[in-house]
2 protein chains.
Amino acid sequence: MPGVDDNSRARPTMREVARVAGVSPMTVSYAYSQPARVSAEAAARVLAAARQLGYPGPHPAARSLRRGRVGTLGVVLGERLSYAFEDPQAARFLAGVSDVCAAEGIGLTLVPITGAPTDARRVTQVAVDGFVVWTTSDDDPILDAVADTGLPAVIHAGPQTGGLPVIGIDDRAAAAAIGEVAFASARRPVVLGFPLDRGRARRLLTGDEDPPIRFPVTRHRWEGFRDTWTGAGHRAVHLRFAVCPVNHITEGETFARELLQGTEPPDAIAAMSDELALGALRAATDLGLRIPDELSVTGWDDSDTAAPAGLTTLAQSLREQGAHCARVALGLSTATSTGHTWQVVIRTTTRPAR
Amino acid sequence: MPGVDDNSRARPTMREVARVAGVSPMTVSYAYSQPARVSAEAAARVLAAARQLGYPGPHPAARSLRRGRVGTLGVVLGERLSYAFEDPQAARFLAGVSDVCAAEGIGLTLVPITGAPTDARRVTQVAVDGFVVWTTSDDDPILDAVADTGLPAVIHAGPQTGGLPVIGIDDRAAAAAIGEVAFASARRPVVLGFPLDRGRARRLLTGDEDPPIRFPVTRHRWEGFRDTWTGAGHRAVHLRFAVCPVNHITEGETFARELLQGTEPPDAIAAMSDELALGALRAATDLGLRIPDELSVTGWDDSDTAAPAGLTTLAQSLREQGAHCARVALGLSTATSTGHTWQVVIRTTTRPAR
DNA sequence: TCCCTTCTGTGTATCGTTACACAGGTACAG
DNA sequence: CTGTACCTGTGTAACGATACACAGAAGGGA
């Protein structure tokens with residue numbers, strides 16, 4: 001007697017509801033998915049039977065299998081899952097994604113990523129209708145896994161490689177623009193930025209070095225800052241790049257303090273995030289530096305903490321970008337030409353332009 | 001010819017992979033789910049065929065249906081989905097949930113909630129293996145929907161009603177404890193707190209009123225604060241409760257400013273969250289009040305912003321509570337006796353006890 | 001009266017996978 | 001040489017739902 005699986009189930013099936021209601025299973029199905037398709041009387045009998053049996057509605061997995069749609073959007077975040085709730089930028093982006101999901105009645109599934117090589121398998125095991133991939137590195141195997149599923153997918157500010165659409169701003173141009181402000185009348189500028197690759201090593205580079213930078217966001221912003229510096233006639237070697245392993249205020253604070261106490265203290269720090277910038281500000285304040293006279297500081301993203309600190313920063317609407325990504329990944333929109341804008345917000349941590 | 005559904009599919013099936021590999025479908029299935037079950041040679045042939053066809057692995061919905069498990073944990077947040085990424089406390093809690101999910105390789109699905117009455121339906125339509133429900137009101141119909149699914153579920157700091165296990169701290173005792181600090185030598189104390197019910201009306205109560213409070217968290221904390229006040233021999237009517245519609249710093253600031261400029265300016269404000277407390281601090285500072293001499297302020301949760309502000313607050317580990325909820329909802333643990341602790345963290349926004 | 005449309009209910013086949021039982025082969029102990 | 005255990009591959013029957021086609025009843029116009 002094959003197929004014996006003793007699934008000791010408590011959950012009633014549609015067939016049982018149909019039997020109790022005295023109708024066919026199809027009528028029950030229609031009562032749930034297309035109520036207009038059944039008579040009011042039949043609908044009432046189905047509802048009564050369902051209530052009596054404690055039937056919670058069509059089994060989601062069975063429905064998904066048959067319909068070919070799940071009703072859920074997958075989100076892939078690099079490295080660690082909890083990052084979604086810890087990094088302010090990721091959170092703002094995801095708030096935009098969730099706005100669209102809520103409006104459409106679509107679930108939002110965070111794919112469990114740990115940084116292990118088996119993560120790719122997890123992408124293919126999760127039941128979703130599309131993927132939004134938060135900025136990652138060019139060589140991330142997860143991108144292949146996402147592409148393999150054949151589901152619609154969008155990368156936010158990520159690599160152009162996989163043939164998947166990419167949504168985001170022109171980071172290089174934006175960095176060049178805020179670099180103008182950050183580096184005005186600077187002689188020993190430093191870029192305080194994100195890791196180069198998934199190795200996340202902490203290091204200090206100079207602008208004449210050209211190590212491979214696998215994170216497109218890091219690469220583009222660094223290139224933009226360097227564009228501005230060298231474009232103003234300075235030598236690349238005098239621009240330094242302090243690579244922070246993670247985007248956290250204490251990282252920025254520690255690295256900035258180290259530099260400010262070093263032999264060539266920076267007189268301008270352009271950070272790739274407001275968190276790193278606020279860390280630098282904290283270090284500078286502790287050391288008694290006058291801002292912006294002795295040190296200019298710029299951030300990136302104009303997060304909630306930037307305005308109270310008077311931080312000059314680069315504003316972009318991550319929330320809108322998240323919403324855009326969600327719409328594309330759900331097939332609600334095909335417009336992937338980014339069209340997202342940014343602007344330099346000048347406050348009090350930078351010296352006025354001459 | 002019934003059952004014609006033209007699913008124009010690009011995705012290959014297991015059967016096709018089996019045919020190309022020259023094995024039976026079951027061998028393919030085992031190659032994916034129990035690699036030790038097949039010979040190395042067969043596994044290699046399956047893998048080669050899969051690669052050739054672009055087979056991304058077993059179809060998640062089909063696998064879920066057959067196995068009876070989805071590999072995903074559902075999280076239900078009251079009101080609005082984006083709340084998950086906007087409210088710092090929710091984010092910390094969810095970080096704990098996601099820690100467990102990541103370690104177990106389980107997806108984290110946020111149920112799309114909008115506040116509409118049809119939300120309950122959405123709970124039953126999402127494919128998950130269990131639910132974690134973030135603090136909600138006693139009469140929230142979502143609780144019934146969650147219970148109806150028959151899946152394991154846990155409520156965080158929510159109502160005891162539905163027979164579902166509740167995890168959290170003893171809010172009433174905790175409020176009483178921090179109330180001691182907040183109200184020391186106070187004559188016109190105010191509790192700055194969360195809404196009473198899902199209506200979220202803004203209002204000002206006095207301690208002798210007893211309106212129905214549907215949010216257990218609000219109710220317990222309010223009762224705790226009032227316990228302390230009346231326990232010290234004061235009249236309940238002299239304790240006021242400023243009900244803020246949403247947990248946001250600007251709400252706290254606005255309401256606090258209004259009170260501080262009113263006819264009976266408070267000399268102590270005990271807030272139900274650090275956000276509201278920081279808003280109150282901002283208002284007080286703007287008005288030139290000396291903290292804590294002219295006004296004591298306490299918060300709740302000891303979030304990252306509390307320490308820099310010197311805020312006296314009630315610390316609890318939301319992250320651990322989130323992890324605990326996840327473990328229970330996933331059936332990894334049955335210990336639902338809460339066992340979570342809290343402690344009063346005294347900083348500089350309160351007067352020292354006599 | 002007849003034909004055509006609309007409304008409502010039902011039977012069938014299928015979505016893609018996996019639990020189970022079984023069969024043939026090999027290995028090894030007695 | 002026999003019996004038992006293990007390894008590996010396969011066939012069958014579900015998991016629980018829905019797309020589709022069809023059938024009978026009801027309604028309306030010519």
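Domain bounds here come from an automatic or database domain assignment. For chain A, that assignment gives domain 1 (14-67), domain 2 (72-167) and domain 3 (171-316 + 340-345). Keep in mind that this is a predicted model.

**Domains of chain A**

- Notice that domain 3 of chain A is written in two pieces, 171-316 and 340-345.
- The C-alpha centres of domain 1 and domain 2 of chain A are 35 Å apart.

**How the two chains are related**

**Where the chains touch**

- On the chain B side, 46 residues are in contact with 46 residues of chain A.
- Several elements of chain B each supply at least two residues to this side: helix H4 (60-67), helix H5 (83-86), helix H6 (88-104), strand E2 (107-110) and helix H7 (119-125).
- H6(B) gives the largest share, with 7 residues.
- Sorted by class, the side of chain B that touches chain A has 23 nonpolar, 17 polar and 6 charged residues.
- Do the copies use matching or unlike surfaces? They meet through the same surface, because 100% of the interface residues of chain B are also interface residues in chain A.

- Ten strands make one open sheet with mixed pairing, and here's the order: E5(A)-E4(A)-E3(A)-E1(A)-E2(A)-E2(B)-E1(B)-E3(B)-E4(B)-E5(B).
- At its edges you'll find strand E5 (166-167) of chain A and strand E5 (166-167) of chain B, each pairing on one side only.
- Where the chains join up, strand E2 (residues 107-110) of chain A pairs with E2(B) in the antiparallel sense, over 3 bridges.
- Within that pairing, A:Leu110 has B:Leu108 as its bridge partner.
- Over in chain B, helix H13 (residues 318-329) lies across strand E1 (72-76), strand E3 (131-133), strand E4 (153-156) and E5, and runs at about 160° to E4(B).

**A five-strand sheet in chain B**

- Another open sheet, of 5 strands, has the order E7-E8-E6-E9-E10 in chain B, and its pairing is mixed.
- Strand E7 (203-206) and strand E10 (296-298) of chain B are the edges: each has a single partner strand, so one side of each has no neighbour in the sheet.
- From one strand to the next, the twist averages 20°.
- Strand E6 (residues 189-193) and strand E9 (residues 268-271) of chain B run parallel and are joined by 4 bridges.
- In this pair, B:Leu192 faces B:Ala271 of E9(B).
- Helix H11 (residues 249-260) of chain B packs on this sheet, touching E6, strand E8 (240-243) and E9, and its direction makes about 160° with that of E6(B).

**Two packed helices in chain A**

- Helix H1 (residues 14-21) and helix H3 (residues 40-53) of chain A pack at about 120°, with axes 8 Å apart.
- The crossing of H1(A) past H3(A) is right-handed.
- H1(A) brings A:Glu16, A:Val17, A:Val20 and A:Ala21 to the contact, while H3(A) brings A:Arg45, A:Val46, A:Ala49, A:Ala50, A:Gln52 and A:Leu53.
- By class, the residues of this contact are 7 nonpolar, 1 polar and 2 charged.

- The peptide bond from A:Ile291 to A:Pro292 is cis, with omega near 5°.
- You'll find A:Pro292 in the loop between helix H12 (274-286) and strand E10 (296-298) of chain A.
- In chain B, a cis peptide bond joins B:Ile291 and B:Pro292, and omega is about 5°.
- A:Arg200 isn't a glycine, yet it has a positive phi of about 55°.
- That residue, A:Arg200, is in the loop between strand E6 (189-193) and strand E7 (203-206) of chain A.

Definitions and conventions: Residues are numbered from 1 along each chain as its sequence is written. Chains are lettered from A and ligands numbered from 1 in the order in which they are written. This is a predicted model: local features need pLDDT of at least 70, side-chain atom pairs count only at pLDDT 80 or more; totals for chains, interfaces and linings use all residues. Two strands pair if DSSP finds at least two bridges between them. Axes are lines fitted to C-alpha atoms, for helices over the stretch in contact, and angles run from 0 to 180 degrees between N-to-C directions. Two residues are in contact if their C-beta atoms, placed from the backbone, lie within 7 Å. Ala, Val, Leu, Ile, Met, Phe, Trp, Tyr, Cys and Pro count as nonpolar, Asp, Glu, Lys and Arg as charged, and the others, Gly among them, as polar. A crossing is left-handed if the near helix is turned anticlockwise from the far one by less than a right angle, and right-handed if clockwise.
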